Amino acid sequence: MDIKIMVAAHKEFPMPKERELYLPVLVGAKRNYKPGINYQRDDDGENISEKNPNYNELTAIYWAWKNLDADAVGLVHYRRFLSKKRKRNLENIINKQEVEELLAKTPIILPKKRKYYIETNYSHYIHAHHQEPIDVTREVIADRCPEYLDAFDQMMKRTSAHMFNMFVMKKGLFDKYASWLFGILTQVEKKIDISEYSVQEARVFGYLAERLMDVWILTNGFNYTEVNWIQLGDREIMAKIFYFMKRKFLKNRDVKTHF
């Protein structure tokens with residue numbers, strides 16, 4: 001299979017050696033031009049590269065949807081990768097043979113769910129971010145594709161989700177997912193005003209997309225395989241706990257949410 005797993009990055013960073021499988025993508029390249037970085041740029045061909053401050057890694061997904069020809073498409077991050085082992089280094093990320101074996105079983109590969117335990121997906125979102133975008137997303141789904149509304153409500157009540165906008169999908173499903181996802185986010189973008197959001201909170205459409213993957217999968221009944229995910233470098237666990245408590249109890253949504 002011709003499989004391309006994009007590695008979203010905004011700067012030069014150690015990349016997987018298996019370049020037949022992994023495709024480094026410079027996201028926000030239109031605004032974030034850095035000479036000498038030999039990555040695929042997300043402003044090549046049809047693109048939304050200029051929206052990267054609000055769409056995050058979704059600009060790479062959009063670029064792949066419109067421009068990439070492959071049998072299967074995926075996305076990981078320069079510090080987060082899918083892995084069948086837990087050791088946190090580039091030597092343990094999934095390789096092409098493993099991806100092909102997994103896709104032979106199911107058409108979608110996802111990272112293991114992130115569990116919140118004491119919060120639902122909805123309460124976690126509104127404690128971390130502004131509430132209006134997630135509520136408007138529900139309104140858009142109700143109006144644009146009401147067959148997804150029940151799954152959205154179910155997912156908001158659950159305490160775990162497939163996060164980070166990370167996946168590998170066979171291309172036919174990927175195209176359907178991207179069409180559905182950007183169709184919703186485009187409408188949400190028209191209905192909310194983020195002009196006063198902080199730089200962190202302005203990344204709103206990337207945050208929303210993290211909550212929509214499971215809605216799409218649940219509604220359509222797609223089978224998927226979960227694999228481990230690893231984060232390279234310092235995970236800053238104590239800092240994450242501190243910032244979570246600050247957001248939850250002090251209602252300060254401008255602190256860090258991703259590391």
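**Briefing: core, sheet and charged pairs**

Phe 205 touches Asn 54, Tyr 55, Leu 58, Leu 185, Val 188, Glu 189, Ile 192 and Ile 194, leaving aside residues up to four places away in sequence. Contact here means heavy atoms within 4.5 Å. This is a predicted model: local features need pLDDT of at least 70, side-chain atom pairs count only at pLDDT 80 or more, and totals for chains, interfaces and linings use all residues. Residues are numbered from 1 along each chain as its sequence is written, and side-chain values use heavy atoms, with hydrogens and water left out.

**Nonpolar core**

- Phe 205 is also among the residues with the most contacts inside the largest nonpolar core, together with Tyr 22, Val 99, Trp 180, Phe 182, Leu 185 and Trp 216.
- That core has 89 residues.
- A nonpolar core is a set of buried Ala, Val, Leu, Ile, Met, Phe, Trp, Tyr and Cys residues joined through side-chain atoms within 4.5 Å.
- Buried means under 20% relative accessible area, exposed means over 50%, and partly exposed lies in between (1.4 Å probe, protein chains only).
- In soluble globular proteins, nonpolar side chains tend to be buried together.

**Sheet**

- Eight strands form an open sheet with mixed pairing, in the order β3-β2-β1-β4-β9-β6-β10-β5.
- β3 and β5 (80–83) stand at the edges with a single partner strand each, so one side of each has no neighbour in the sheet.
- Helices (H or I, at least four residues) and strands (E, at least two) are DSSP runs, numbered from the N terminus; two strands pair if DSSP finds at least two bridges between them.
- Strand β2 (residues 22–26) is mostly covered, with four of its five residues buried.
- β2 runs parallel to β1 (residues 3–9), joined by five bridges; Met 6 has Leu 23 in β2 as its bridge partner.
- β2 also runs parallel to β3 (residues 40–41), through two bridges; Leu 26 is partnered by Arg 41 in β3.
- β4 (residues 72–77) and β9 (residues 167–170) run antiparallel, joined by four bridges. Ala 72 has Lys 170 in β9 as its bridge partner.

- Asp 42 sits in the loop between β3 and α1 (52–55).
- A polar atom of the Asp 42 side chain lies 2.7 Å from the backbone nitrogen of Gly 28.
- Asp 42 touches residues including Val 25, Leu 26, Val 27, Asn 47, Thr 59 and Trp 63.

**Salt bridges**

- A salt bridge is a side-chain nitrogen of Lys or Arg within 4 Å of a carboxyl oxygen of Asp or Glu; the count comes to eight.
- Asp 43 pairs with Arg 41, with the closest N and O atoms 2.8 Å apart. Arg 41 is partly exposed at 23% relative accessibility.
- Glu 46 forms a salt bridge with Lys 66, the closest N and O atoms being 3.9 Å apart. This pair links distant parts of the chain, 20 residues apart: Glu 46 is in the loop between β3 and α1, and Lys 66 is in helix α2 (residues 58–67).
- Lys 171 and Asp 175 meet in a salt bridge at 2.8 Å, N to O. Both lie in helix α7, four residues apart, about one turn of the helix.
- Lys 171 is buried at 14% relative accessibility, while Asp 175 is partly exposed at 25%.

Methods:
A polar contact is a pair of N or O atoms within 3.5 Å; within protein, one must be able to donate a hydrogen and the other to accept it, and residues adjacent in sequence count only if both atoms are side-chain atoms.
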